[in-house]
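Please read it alongside the sequence and the structure shown here.

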Amino acid sequence: AGMDRAVLDLSMALALIQLLRVVDGTAQRTRLSELADHYLRRRWGAGNGKPPVRILRELLKTVVQSSAQPLDTTSKLVTTLFDDEADTAAAYGTYTDATRGLYFEVLLGELVAQFQRVADGARRPALEVGAVEEAMCNIQICVCSFMGLVKLLKVFPRSKALQMPALRKGRGMVQTFVKCMPFLSEHYANYAEDVANTLRFLQRSTRTLQHLCTQALITRNATIMNSVPALKKTLETLIYRVKLLCEEKGIADEFHIGVLTTKTLEGDVKLEESGGSSDEEEDGSSDENDGEE
């Protein structure tokens with residue numbers, strides 16, 4: 001407690017954590033996570049204005065990477081900060097309108113990294129039943145956390161601080177999910193409902209990413225536009241792989257390819273010069289909230 005009172009700003013907080021990391025090595029990793037979380041929650045006053053980006057980034061990464069369960073920690077943070085039904089974002093004194101983009105970018109980046117590890121584990125041959133269940137659960141956690149992050153684009157549809165990382169890192173999430181498709185196909189018979197729900201949750205996020213691509217092209221921001229073609233190509237690959245899985249499992253009637261109305265994040269309909277859009281999207285007909293838009 002005495003040491004905590006001596007920490008007067010975020011720079012000192014980060015310096016203390018770095019010192020403890022050197023002194024204790026890996027023995028106190030979870031303690032470092034808890035301490036970094038404590039400093040992010042603390043209200044530091046407005047004397048120095050916006051908190052330094054580099055320091056906030058390092059503290060937030062420490063919370064996740066030094067925790068005992070990084071994926072669970074990331075999922076909990078996403079729910080705490082971005083769930084519109086849980087007014088608990090106020091618990092973090094460093095989370096403000098000015099730092100929202102930073103929190104979003106760091107957590108999405110950490111989620112992509114953790115999802116890649118989950119995918120690598122799911123691709124190992126001859127997994128035991130317990131390992132299969134764990135991988136299936138972790139894939140669902142990743143997809144649900146991704147949905148929790150991406151829906152923020154709808155809440156703040158004009159925020160460039162959210163759009164850039166969503167375009168770049170969102171592609172990484174979709175690419176990683178494509179790598180998980182053989183695993184989902186292999187274990188579909190025993191986990192049909194889990195696989196179907198995971199696909200539906202992912203669909204909500206990919207629809208928002210489609211709308212983000214439309215908005216990026218309309219605003220003609222060169223920096224943002226440059227990331228659109230690669231993301232759209234990855235989304236097309238995902239649609240093909242999901243369709244293939246449904247055909248292999250004899251559930252193709254639950255999967256449809258339809259022409260989307262081209263919408264922005266704000267829901268505005270924007271027709272291309274040809275009079276329509278050629279974008280295609282998977283549509284799970286059994287999900288009443290995810291009908292074709």
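A search of the whole structure finds zero disulfides, a disulfide being a pair of cysteine sulfur atoms within 2.5 Å. This is a predicted model, in which local features need pLDDT of at least 70 and side-chain atom pairs count only at pLDDT 80 or more, while totals for chains, interfaces and linings use all residues. Residues are numbered from 1 along each chain as its sequence is written, and side-chain values use heavy atoms, with hydrogens and water left out.

**Cysteines**
- The closest cysteine sulfur to that of cysteine 180 belongs to cysteine 142 and lies 7.9 Å away, which is too far for a bond.
- Cysteine 180 counts as buried at 1% relative accessibility, where buried means under 20% relative accessible area, exposed over 50% and partly exposed in between, with a 1.4 Å probe and protein chains only.
- Cysteine 213 is likewise buried, with a relative accessible area of 1%.

**Serine 205**
- Serine 205 lies in helix H10, residues 192-219 (helices are DSSP runs of H or I, at least four residues, numbered from the N terminus).
- With a relative accessible area of 1%, serine 205 is buried.
- Leaving aside neighbours within four places in sequence, serine 205 is in contact (heavy atoms within 4.5 Å) with Phe146, Met147 and Val150.
- Although serine 205 and valine 150 are 55 residues apart along the chain, their C-alpha atoms are separated by 6.0 Å.

**Nonpolar core**
- The largest nonpolar core has 78 residues, of which Phe82, Leu107, Ile139, Phe177 and Leu184 touch the most other members; such a core is a set of buried Ala, Val, Leu, Ile, Met, Phe, Trp, Tyr and Cys residues joined through side-chain atoms within 4.5 Å.
- Not counting residues up to four places away in sequence, leucine 107 touches Leu60, Val64, Thr74, Leu77, Val78, Leu81, Phe82 and Leu149.

Note on methods:
Helix = DSSP H or I, 4+ residues; strand = E, 2+ residues; numbered from the N terminus.
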